[in-house]
Amino acid sequence: MKCKLIASVAMSAMMIGLSASAALAEGQLNIFNWGNYTNPELIKKFEEQFKVKVTLTDYDSNDTALAKVRAGGHGYDIVVPSASFIPIWIGEGLLLETNPGGMENAKNLQDNWKSPEFDPGRKYTAPWQWGTTGVAVNTGAYSGDVNTSAIFMDPPKELEGKVNVVPEMADIMGLAIAYVGGEPCTADKTVLKKVRDALVAAKPKWLSMDYGTTEKLSSGDWVASVNWNGSTFRARLKNDKVVYGYPKEGFPVWADQVVVLKDAKNVDNAKAFQNFIMEPENAALISAFARYANAIKGSAEFMPADMKDAPELNIPAELVSAGYVSKTCSPEATELYTAIWTELTK
Amino acid sequence: MSDAPATGTQSITSGAQAGVAARRNDVRNRWLLASPALTIIVFAALGPLLIMLVYSFLQKGLYGGVIWKFSTQGWFDVFFHKDIFDDTVGFADAHLSIFWRSIRLSFATTILTLLIGFPTAYFIATKSEKWRPVFLFLVTIPFWTNLLIRTFAIMELIKNEGVVNSVLQWAGLITSPIQIMFTDFAIMLGMAYVYLPLMVLPLYASMERLDFRLVEAGYDLYATRWQVLRKIIIPLVKPGMIAGSILVFVPSLGAYVTPRILGGGKNLMLGNLIELQFGQGRNWPLGAALSITLLVIVMVALLFYVRNASRSGVKSHG
Amino acid sequence: MADDVAGKRPFSIKRQPGFGFIAACCFVMLYAPILILVAYSFNAGSSIAIWEGFSWRWYEAAWQNRQVIDASVTSLKIAVSAAAIASCVATMAALATTRTEPYRGMTAIYAAINQPLMVPEIVTAVALLIFFAIIKVNTGYQGLAYLIAAHSAFCIPFAYLPIRARLENMDLSLERAAADLYASPWQAFRYVTLPLMLPGIMAGAMLAFVISLDDVVITEFVKSGGQDTLPTYMLGQLRRIISPEINAISTVLLAISVAVVSVFFVLSRKGGKA
């Protein structure tokens, strides 16, 4: 009897739970974004304006996001992959064509971002933030030249055994290929062999291969790391010894995009979100939190003053040519990169 | 019952048949009673393992997932490795080194917990009846607290800015922090901390049943404390030691959270390697094959325990 | 033998040199990290290592953190459902496998029920990821049921073992007395067996609740969007922001687990004496 009672209670609880989640489906939005990358104020503003409940789940890398969504049954409406991955997402049939390029706020897009190579006419993507990948060093531990990939590919004595390498395959492979002198997205086996050997030789000199750079750099847990510019900016605000280096051998410029998934359950709310973030004030909110640049005209006046002259957001003139826009590499090249990467992470 | 009259024998046979029928009925009812539990477990625990076995024989998809074509590449990759550039085939020493690290660290964890757990269990077992439940309770509580919390607690202790380093620096013993985090040692420390109660409890169960008259006899025969320990106590509590070792070794082998947080992504254990295949590694068949390998190793360890336990004449648990 | 020379401790056959010291160290080692963690949750400053005074601010911050609240609610929903289902089902299974001569397949049932204890969590997690993904894609249903099913599965052995222990220690004569008084098997069960088993069932339910609340690996792999539980939320935070808010959340979780386990202990000891 007791058992039946407990069972019926459980059943009814489940029913309530299920029906509740069904009822909320009209006013819900499930966002899947990078960790520590979404301004809670932005979410709150969106929730109030549209009467929608937003859930935020985070991931650490493009590969994890792709893997999770591809596995199916993920429950997300919106994901924020990097531009170089967008053609993959489109090719795998994972995206819904919501045509942000035709939305009301599309007029605010900066001209050079209106019709990017990875998504002509902006049929799928709305811009989130863009930035560069380089190295972050604590000058207390090392005061030499930081504008080089040698920080992690061939660490100087003071940093040996103390460098962290963020396990973002596309960025690291790009930096490593540039370091040995190859072209981005190359599938040249001789070049890649050099890359593989260099990485494998450098790995014993690394401390770890983990995320959480902003916190660990500001607290001093890490004194050097491969890092993104905005994250370094935030670390510097807490620990002024941290500087950002633009590797002169070559560094990737990436741009994260907001897309709606084909099997999204809350399509209207998702479209509303894409439009929402193209407003200058909201784009400024996004940038102010993570400290990266955005692609919306007129947002500069709403952003914090220290972002205007920040070294992390203004590439020094002599290093501008070293930056290359991260592109999607061919499947053959990707296969080789994955093979090298797995050899490295084992 | 054997000298019953003829009619009685009749009724005995039919009574016996009725007995058999009742027994069969009873067994069937028991199976029915057990069926909901079995259904849930088959659906959400055993069944998926079979699916995973199937997946280990499929081809991997380019961006994750599988292509439904038969392939033994997954199993091949577990043990062997084709160099990307020379096309030479050799042992996958990266995998093998991870296997070896997992076994090595699990073994070290087991030894460490044994060294600490044995005296502790002995201490509790030799306390008065009143105090024993209290101590047992104290040992069990950390076990029921969240694994994450415990790993986090250890992390706070051994970080560069953590308590251990701060105390050592304040005492003047070292000048700059010792790097404990992100090493194999940190992982072992974390696992030993997490699984210590699992060693103490079976040891205690064995020691509680220890007949101290044997110990007293040993002393009467002029044995030293060390001899009594070595020749009387340890052999008698061996079942508990084996049970505790298995209870620590098996979860350590499959540990995932602790190495992930304390190892910094560079020192992978088997659990992390498996997870990698479902993320950046984009190689589900390999991940499935590795999981099955882990399962096999664990089953072998368990089998060893069961055979050992029954050989020493201990009634198996339950 | 007891009074050798005045002042010298009498020889105790049970004492082993150094064991008491190691045992004390063991207890200290078990609790020190946790106590430090709890202590720093009251830290007024935001650094983990530097103490800046007593304050409740991290508890307030956690309470106001929407994600934390959502995750806690999800955790509770899953834990309560899983504990209820697991203890019900485990009770039936315990009744099926105890107090009887071994019958064909009984060891198989026993092994199957305890299987979650033997298989490493990561293996189950990965297998469930694959299996549930197929179902999710084909049915489009993505609710909490997957998590509840998964949690129930691995909670069953934890509920089963205390219930079974209680059943085996029970006195059969009471049920025989009920039968003598013309009670039907169902009545005997309802009025005699079940109440006697109750402490065991409650103990099993508590254990299952705590285990479900604490699970991180399986939940991390099986969850869908918006289904973060408290442990998975903390796992995400641990790899990024390490503020004392995590300490505060951990302390609360700790308090809940300790409370539930204490109740379990009291229940099982009471049952033992009865």
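**Salt bridges.** I started with a count over all chains, and it comes to 21 salt bridges. The rule I used asks for a side-chain nitrogen of Lys or Arg within 4 Å of a carboxyl oxygen of Asp or Glu. This is a predicted model, so local features need pLDDT of at least 70, side-chain atom pairs count only at pLDDT 80 or more, and totals for chains, interfaces and linings use all residues. Residues are numbered from 1 along each chain as its sequence is written, chains are lettered from A and ligands numbered from 1 in the order in which they are written, and side-chain values use heavy atoms, with hydrogens and water left out.

I looked at A:Glu117 and A:Lys327, whose side chains meet in a salt bridge at 3.6 Å, N to O. A:Glu117 sits in the loop between helix H4 (86-91) and E4 of chain A, and A:Lys327 in the loop between strand E10 (323-325) and helix H12 (331-345) of chain A, so the pair ties together parts that are 210 residues apart in sequence. For the elements I took DSSP runs numbered from the N terminus (helices H or I, at least four residues; strands E, at least two). A:Glu117 is exposed, with a relative accessible area of 66%, while A:Lys327 is partly exposed at 46%. My cut-offs: buried is under 20% relative accessible area, exposed over 50%, partly exposed in between (1.4 Å probe, protein chains only).

Next I checked B:Arg101 and B:Asp184, which form a salt bridge at 3.3 Å, N to O. B:Arg101 is in helix H3 of chain B and B:Asp184 in helix H7 (residues 184-208) of chain B, so this pair ties together parts that are 83 residues apart in sequence. B:Arg101 is buried, with a relative accessible area of 17%.

In chain C I picked C:Lys223 and C:Asp228, where the N to O distance of the salt bridge is 2.8 Å. Both C:Lys223 and C:Asp228 are buried.

A:Glu47 counts as buried, at 14% relative accessibility. Leaving aside neighbours within four places in sequence, A:Glu47 is in contact (heavy atoms within 4.5 Å) with A:Val52, A:Lys53, A:Val54 and C:Arg66.

Which residues of H2(A) are buried? They are A:Leu42, A:Ile43, A:Phe46 and A:Glu47, in a helix that runs over residues 40-50. Their arc around the axis is only 135 degrees, which puts them on the same side of H2(A); I took the arc from the directions from the helix axis to the C-beta atoms. A:Glu41 and A:Glu48 are exposed on the other side. The cover over the buried residues includes strand E1 (28-34), strand E2 (53-59) and helix H10 (267-276) of chain A, together with helix H3 (66-97) of chain C.

At the start of H2(A), a side-chain oxygen of A:Asn39 comes within 3.1 Å of the backbone nitrogen of A:Glu41. Just after the helix, A:Lys51 has a positive phi of about 55 degrees.

**Chain C against chain B.** Here 91 residues of chain C are in contact with 82 residues of chain B. The two chains bury about 7900 Å² between them, 79% of it on carbon and sulfur atoms; that is the accessible area (1.4 Å probe) lost on being put together, summed over both. I counted zero salt bridges between chain C and chain B. Helix H1 (residues 19-40) of chain C gives the most to the side of chain C that touches chain B, with 13 residues.

**Chain B against chain A.** I get 31 residues of chain B in contact with 40 residues of chain A. About 3000 Å² is buried between these chains, 58% of it on carbon and sulfur atoms. B:Tyr63, B:Phe85 and B:Gln280 supply 28% of the area that chain B buries against chain A, more than any other three residues.

Key
A polar contact is a pair of N or O atoms within 3.5 Å; within protein, one must be able to donate a hydrogen and the other to accept it, and residues adjacent in sequence count only if both atoms are side-chain atoms.
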